[in-house]
Amino acid sequence: MNLFGLACEHHCATMKLLQQISLVTGGTKGIGAATAIALAAEGADVAIVGRRLDVEAKETQRRIEALGRRCLPIIADVAVAGEATRCVEETARELGAVDVLVHAAGGPVNGGLLELTPAAWDSAFDVHVHAIFHLCRAAIPSMKQKKRGAIILISSAAGVRGIKTNVAYQAVKGTLPQLTRALAYEFANDNIRVNCVAPGVIRTAFHAAMPAAVKQNNLENRIPLHREGTPEQVASLIRELVINEYITGETVSVDGGLTMRIC
């Protein structure tokens, strides 16, 4: 075997997720896309779920396939009843049973209690919480059979510390650490690990609309490291939680110190 062949063999041997299948909701952009690419770099074939197959989705697919991995784009809104289950079933049919599930789909839900409509409240729980119920019920049976699985839920600094006039977003994101612990306990004997990541202010479209004065206050007064994070930094943590087989039931912040502030 020539040196190139030896290098390729060594590279494949060091891929921690070789021949594993990952499903990433919200995987066409932002943190989800960075996560999908990071998992592909470790050898996983990846299904990415988004509500539309736009330019960002196609670029994410291109980058995954450039790594030599299969990528299955799925157009779906996991907040809609039945769509989350369909995503798991379609992934299993086209790529194989899901080994790694990352729920990164979501979005802002602005408004205090008296301003928020009942429909907006329900919608927040549909995408951030109810979708997880359906995704896990569809994905976990095959994980139990294989005695292996990793599930990552994406919370937020808002779910850890809270922010004003954002009651629904705080409620749904605050639910996820406890749901993480419940699932981690329930399926530990099946070697299915469940962890949660709580990002702070990350350089994504989610925070792009933030008023300049608010952004400046964050950088100067609220974030000890005085800078925004990147999707790749969050994805790096998710990758580690997927690979490290001795971590479960944890919620880990990646926020530049935002949630440890005392003022």
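**Loop, helix and cavity**

Me: Where does His226 lie?
Reply: This is a predicted model, in which local features need pLDDT of at least 70, side-chain atom pairs count only at pLDDT 80 or more, and totals for chains, interfaces and linings use all residues. Residues are numbered from 1 along each chain as its sequence is written, and side-chain values use heavy atoms, with hydrogens and water left out. Helices are DSSP runs of H or I with at least four residues, numbered from the N terminus. His226 lies in the loop between α9 and α10.

Me: What is the phi of His226 near?
Reply: Most residues other than glycine have a negative phi. His226 is not glycine, yet its phi is positive, near 55 degrees.

Me: Is Glu228 buried or exposed?
Reply: Glu228 is found in the loop between α9 (212-222) and α10 (231-243). Buried means under 20% relative accessible area, exposed over 50%, and partly exposed in between, with a 1.4 Å probe and protein chains only. Glu228 has a relative accessibility of 16%, so it counts as buried.

Me: With which side chain does the side chain of Glu228 make a polar contact?
Reply: Not counting residues up to four places away in sequence, Glu228 touches Val201, Arg203, Lys215 and Leu219, where contact means heavy atoms within 4.5 Å. A polar contact is a pair of N or O atoms within 3.5 Å; within protein, one must be able to donate a hydrogen and the other to accept it, and residues adjacent in sequence count only if both atoms are side-chain atoms. At 3.3 Å, the partner of Glu228 is Arg203.

Me: How far apart are the end C-alpha atoms of helix α5?
Reply: The expected span of a helix is 1.5 Å times one less than its number of residues. Helix α5 (residues 118-146) has 29 residues, so it should span 42 Å. In agreement with this, its end C-alpha atoms are apart by 41 Å.

Me: On which residue is the kink in α5 centred?
Reply: The bend at a residue is the angle between axes fitted to the seven residues ending there and the seven starting there. In α5 the kink is about 45 degrees, and it is centred on Asp126.

Me: Which elements give two or more residues to the lining of the largest cavity?
Reply: On a 1 Å grid over the protein atoms alone, a cavity is a set of points where a 1.4 Å probe fits but cannot get out, and lining residues have an atom within 4 Å of a point. The largest cavity is lined by His103, Ala104, Ala105, Val127, His128, Ile154, Lys173 and Leu176. The elements that give two or more of its lining residues are α5 and α7 (167-187).

Terms used:
1 Å grid on protein atoms, 1.4 Å probe; cavity = no way out; pocket = protein on both sides within 12 Å on 5 of 7 lines; lining within 4 Å.
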